[in-house]
Amino acid sequence: MKIPPETDHFLLSNNLISSLLDDIPLINNFKGKWSSIRAKLSDLRTQLIDVSHFPNSSSNPISLDFLHSVLDALTQAASLSHKCRNPALSDGKLKTQSDIDAVLAKFDSLLKDGEVLIRSEILHDGVVSSSSSRREAVRAESRNLITRLQIGSIESRVLAIDSLLQLLNEDDKNVTIAAAQGAVPVLVRLLDSSSLELKERAVAAISIVSMVDGVKHIMIAEGLVLLNHLLRILDSGSGFAKERACLALQPLSISKENARSIGSRGGISSLLEICEAGTPGSQASAAAVLRNLASFSEIKGNFIEENGVVVLLGLLASGTPLAQENAIGCLCNLVLDDDNLKLLIVREGGIEFLRNFWDSVPSVRSLEVAVELLSLLASYSPIAEALISDGFVDRLLPVLSCGVLGARTAAARAVYELGFCTKTRKEMGESGFITPLVNMLDGKSVDEKKAAAKALSSLLQYSGNRRIFQKEERGIVSAVQLLDPSISNLDKKYPVSLLSSLVISSKCRKQMVAAGAGLYLRKLVEMNVEGSKKLLESLGRGKIWGVFARS
């Protein structure tokens with residue numbers, strides 16, 4: 001059938017509505033239902049008038065699709081009204097009642113679509129000219145697709161979300177623009193769709209938004225509504241949907257409130273199941289969410305109840321590099337201040353799994369979390385002995401000189417924990433640990449300086465290491481600089497301890513005085529820093545020195 005000219009759509013629709021409104025009072029069958037249809041027709045007429053007032057309503061593709069759907073529904077209603085005027089009801093009572101209910105549902109859907117169309121800005125948008133900016137073109141296209149996601153059939157919405165996914169995948173800037181146009185709340189509502197296709201594509205789009213820092217807050221603002229949808233997908237979605245849901249959960253799981261909600265709604269159990277039997281991609285993403293959750297002490301009980309440590313060790317043993325890295329990160333958060341969990345890791349083969357990961361890791365940056373776990377395990381001396389026996393001292397040395405700040409810092413912390421006995425301190429000194437640790441005293445961050453000072457304060461308890469340290473040109477000067485009270489967040493007892501182990505040497509004392517140790521120590525004594533008074537007295541040796549010359 002030939003489609004009438006676009007400008008006739010409004011006229012045809014209004015004529016059909018008028019005809020139906022005239023016919024309905026003459027219908028004797030199903031009067032209550034036809035009364036409801038009459039009310040909806042009046043509302044639809046008002047909407048059509050509102051739509052017609054927009055200058056682009058006769059040319060905008062979405063508007064035209066809406067008008068076609070209105071005409072189809074009105075035509076069906078007109079045909080049905082003629083049948084209902086016949087008392088015999090040629091199609092039978094049940095079939096006719098079913099047809100009337102279907103028409104009512106169509107009018108309900110059309111009224112919702114019309115409301116969305118009028119509220120949206122797409123009828124204000126003209127044709128984007130070739131001279132318009134790329135940003136304006138993306139903004140107009142985003143509005144167009146967001147509107148399409150809310151109106152029409154399931155099939156048309158699937159086409160719209162496919163186009164939106166393509167747009168989002170092109171560029172992070174497109175994600176920012178689409179989010180600013182209101183894409184996220186619309187996508188969240190689609191997670192409640194009865195269509196599996198729509199639901200899976202919606203969670204895929206949300207996962208893309210979750211990876212763009214500038215718009216994560218928009219997604220987080222959806223709160224428990226989004227969280228509950230994602231948790232349901234973890235339970236019953238496809239492998240693809242679960243992976244995408246885990247990606248979306250990553251920024252949501254960094255808040256304590258959301259972490260509690262995930263724990264109380266069985267989310268940890270679902271995430272651990274994915275770690276055991278999910279796709280490689282979903283395993284890595286699920287472990288990343290668990291890593292966030294494990295940072296909250298009140299959630300730790302959920303992990304223990306679900307045998308989470310054993311599951312994470314299984315992932316460490318056989319997962320992808322990213323999954324292994326996230327599993328180790330989660331274990332780091334879990335074992336913090338918990339010696340029982342540290343022992344459980346060792347009993348379940350964790351040292352072997354950690355060693356295998358360490359030796360096969362693709363980059364030093366990925367090694368950072370493994371060094372952190374080593375440091376945490378080594379803080380319990382019975383485990384430290386096992387780690388030393390397994391060759392981890394030799395593995396630490398190159399990390400102290402690597403170009404990754406976090407890995408270097410974690411390695412220095414591990415040196416302190418492993419250097420709990422004279423034998424290991426001697427081994428570390430002879431292996432060359434002193435020089436990189438001295439270099440770290442001048443490091444980029446306070447954490448790096450602190451970790452190096454703490455490690456050296458332990459290693460220098462062995463006399464042979466003190467001799468090695470004294471050969472380092474900047475060793476004394478760098479350690480003295482750490483006494484400066486203006487350097488905040490650095491525990492002064494470690495550089496004090498380090499220098500105290502060297503003060504027996506007159507040469508070292510002179511270097512400390514020359515570097516300004518006296519001035520700093522006098523301030524530290526006033527601050528009651530452990531060991532500072534004794535070190536100050538040792539430097540003085542009853543003499544008046546340059547402390548008073550400095551002002």
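**Entry 1: α2 against α4**

I looked up the handedness with which α2 passes α4 and found a left-handed crossing. The crossing is called left-handed if the near helix is turned anticlockwise from the far one by less than a right angle, and right-handed if clockwise. The model is predicted, and I noted that local features need pLDDT of at least 70, that side-chain atom pairs count only at pLDDT 80 or more, and that totals for chains, interfaces and linings use all residues. Residues are numbered from 1 along each chain as its sequence is written, and side-chain values use heavy atoms, with hydrogens and water left out.

I then took the geometry of the pair. Helix α2 covers residues 31–52 and helix α4 residues 93–119; they pack at an angle of about 25 degrees, with their axes 10 Å apart. That makes α2 roughly parallel to α4. I used these cut-offs: angles under 35 degrees count as roughly parallel, over 145 as roughly antiparallel, 65 to 115 as roughly perpendicular and the rest as oblique. The axes are lines fitted to C-alpha atoms, for helices over the stretch in contact, and angles run from 0 to 180 degrees between N-to-C directions. Helices (H or I, at least four residues) and strands (E, at least two) are DSSP runs, numbered from the N terminus.

**Entry 2: I37 in α2**

I next looked up I37, which has its place in helix α2. At 0% relative accessibility, I37 counts as buried; buried means under 20% relative accessible area, exposed over 50%, and partly exposed in between (1.4 Å probe, protein chains only). Not counting residues up to four places away in sequence, I37 touches I24, I100, V103, L104 and F107. A contact means heavy atoms within 4.5 Å. I also recorded that I37 and S81, 44 residues apart in sequence, lie 11 Å apart in space, C-alpha to C-alpha.

**Entry 3: α14 against α17**

I examined a second pair, helix α14 (residues 267–277) and helix α17 (residues 308–318), whose axes come within 9 Å and cross at roughly 30 degrees. These two helices, α14 and α17, are therefore roughly parallel to each other. I found that α14 passes α17 in a left-handed crossing. From α14, L272, C275 and E276 meet G308, V311 and L315 of α17. By class, I listed four nonpolar, one polar and one charged residues for the contact of α14 with α17.

**Entry 4: the chain as a whole**

I counted the secondary structure of the chain and noted 33 helices and zero strands. The radius of gyration of the chain is 35 Å, well over the 24 Å that the globule rule gives for 551 residues, so the chain is more spread out than a compact globule. That radius is taken over C-alpha atoms, and the globule rule is 2.2 Å times the number of residues to the power 0.38. Along the principal axes, the C-alpha atoms fill a box of roughly 120 × 55 × 40 Å. Buried residues make up 49% of the 551 residues. Among contacts with a separation of 6 or more, I found that residues 24 or more positions apart account for 71%.

**Entry 5: further buried residues**

I looked up I434 in helix α26 (residues 434–440). I434 is buried, with a relative accessible area of 0%. I434 and A452 are 18 residues apart in sequence and 9.6 Å apart in space, C-alpha to C-alpha.

S458 lies in helix α27 (residues 446–459) and, at 3% relative accessibility, counts as buried. With neighbours within four places in sequence left aside, I found S458 in contact with Y416, G419 and R425.

N258 has its place in helix α13 (residues 256–264) and counts as buried at 9% relative accessibility. I noted that N258 touches L227 and L252, not counting residues up to four places away in sequence.

**Entry 6: positive phi**

I checked D337, which has a positive phi of about 60 degrees although it is not a glycine. D337 is found in the loop between α18 (321–335) and α19 (339–347), and is exposed, with a relative accessible area of 74%.

I recorded for N528 a phi near 60 degrees, a positive value in a residue other than glycine. N528 lies in the loop between α32 (517–526) and α33 (532–540) and is exposed, with a relative accessible area of 68%.

Definitions and conventions: Nonpolar A, V, L, I, M, F, W, Y, C, P; charged D, E, K, R; others polar.
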